[in-house]
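Subject: Handing over the structure, with notes on what was found

Dear colleague,

I am passing this structure on to you, and I would be grateful if you could read the notes below with the model open beside them.

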Amino acid sequence: VFTKDFGFLTDRGAGKVPPRVRLVYELIERPQDMLLPKDRIKDLLFPDDVLPDMIDRKTLQENLEILSHPEGVALVLSDRLLFETASARLGPGADAILTQIGFLLMLSEAPVVVSGHSDNVGGASDFNFALSGDRAFAVLGFLLAKELDPIRFSVAGYGPNQPMYDNETEEGRARNRRVEILLKTHPRLGSYS
């Protein structure tokens, strides 16, 4: 039980959230103060007993990134963890992955941005923008079903416009097909959210 004021940390969902997820929140609360222990966060947030059978530790490591961001921490999930191919339908392992992220979000009242991204195959087509937006909305819908406050969330579909990796390689394209969940524990001064 916390007695200190932790800014955006609340006791909301206190009975539901596993203690290991509370530790993850403590680790990500001040990303600018330290190098994020990314592997430790992944292990705490997704222990073997919560990983679905179709997602092993190696697949998780290769398809989940935890990045420091000026406004907080971004969880970057490739489409392989969440979706059926070329679809916005959540795949069979997505529930387990997103449930753990939902626990983390229960500990905070910070704003959250859910954004979808595609690779550049097909260019800036309506399909790529629609798919990236639909995927972001699918993740948002799952999280809101966990009784999280909808006022905290914003959503965007960027299509191929914000690649993180080289779209000239298959691996780069695969990693660009992603959903990012940005927990804004440190909103920029002067911003509206």
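This is a predicted model: local features need pLDDT of at least 70, side-chain atom pairs count only at pLDDT 80 or more; totals for chains, interfaces and linings use all residues.

Residues are numbered from 1 along each chain as its sequence is written, and side-chain values use heavy atoms, with hydrogens and water left out.

**Overall build**

The secondary structure of the protein chain comes to seven helices and five strands, where helices (H or I, at least four residues) and strands (E, at least two) are DSSP runs numbered from the N terminus. Along the sequence these elements follow the pattern α-α-α-β-β-α-α-β-α-β-α-β. Of the 193 residues in the protein chain, 51% are buried; buried means under 20% relative accessible area, exposed means over 50%, and partly exposed is in between, with a 1.4 Å probe and protein chains only. Among contacts (heavy atoms within 4.5 Å) between residues at least 6 apart in sequence, 70% join residues at least 24 apart.

**Helix packing**

In helix 1 (residues 19-28), the buried residues are Val21, Arg22, Val24, Tyr25, Leu27 and Ile28, and what covers them includes helix 2 (38-45), strand 2, helix 5 and strand 5. Helix 1 packs against helix 5 at an angle of about 65°, with the axes 9 Å apart; axes are lines fitted to C-alpha atoms, for helices over the stretch in contact, and angles run from 0 to 180 degrees between N-to-C directions. The crossing of helix 1 and helix 5 is right-handed, a term used when the near helix is turned clockwise from the far one by less than a right angle, anticlockwise being left-handed. On the helix 1 side, Arg20, Val21, Val24, Tyr25 and Ile28 meet Gln100, Phe103 and Leu104 in helix 5. By class, this contact has six nonpolar, one polar and one charged residues, where Ala, Val, Leu, Ile, Met, Phe, Trp, Tyr, Cys and Pro count as nonpolar, Asp, Glu, Lys and Arg as charged, and the others, Gly among them, as polar.

Helix 5 (residues 94-106) also meets helix 6 (residues 126-144), their axes coming within 10 Å and crossing at roughly 60°. These two helices are therefore oblique to each other, given that angles under 35 degrees count as roughly parallel, over 145 as roughly antiparallel, 65 to 115 as roughly perpendicular and the rest as oblique. The crossing of helix 5 and helix 6 is right-handed. Here Asp95, Leu98, Thr99, Gly102 and Leu105 in helix 5 are in contact with Val139, Phe142 and Leu143 in helix 6, and the residues divide into five nonpolar, two polar and one charged.

**Salt bridges**

A search of the whole structure finds 13 salt bridges, each being a side-chain nitrogen of Lys or Arg within 4 Å of a carboxyl oxygen of Asp or Glu. Arg57 pairs in this way with Asp48, with the closest N and O atoms 2.9 Å apart; Arg57 is partly exposed at 22% relative accessible area, whereas Asp48 is exposed at 60%.

Glu65 forms a salt bridge with Arg175, with 3.3 Å between the closest N and O atoms. Glu65 lies in strand 1 (residues 64-69) and Arg175 in helix 7 (residues 170-176), so the pair ties together parts that are 110 residues apart in sequence. Glu65 is buried, with a relative accessible area of 18%, and Arg175 is partly exposed, with 27%.

In the salt bridge of Lys184 with Glu71, the closest N and O atoms are 3.4 Å apart. Lys184 is in the segment after strand 5 (178-183) and Glu71 in the loop between strand 1 and strand 2 (72-78), 113 residues apart, and both Lys184 and Glu71 are buried. Elsewhere, salt bridges that share partners join Asp79, Asp119, Arg135, Glu170, Arg173 and Arg177 into one network.

Leaving aside neighbours within four places in sequence, the contacts of Arg135 include Asp79, Phe83, Glu84, Arg177 and Val179.

Ala110 sits in the loop between helix 5 and strand 3 (112-117) and is buried, with a relative accessible area of 0%. The C-alpha atoms of Ala110 and Leu182 are separated by 9.8 Å, although the two residues are 72 residues apart along the chain.
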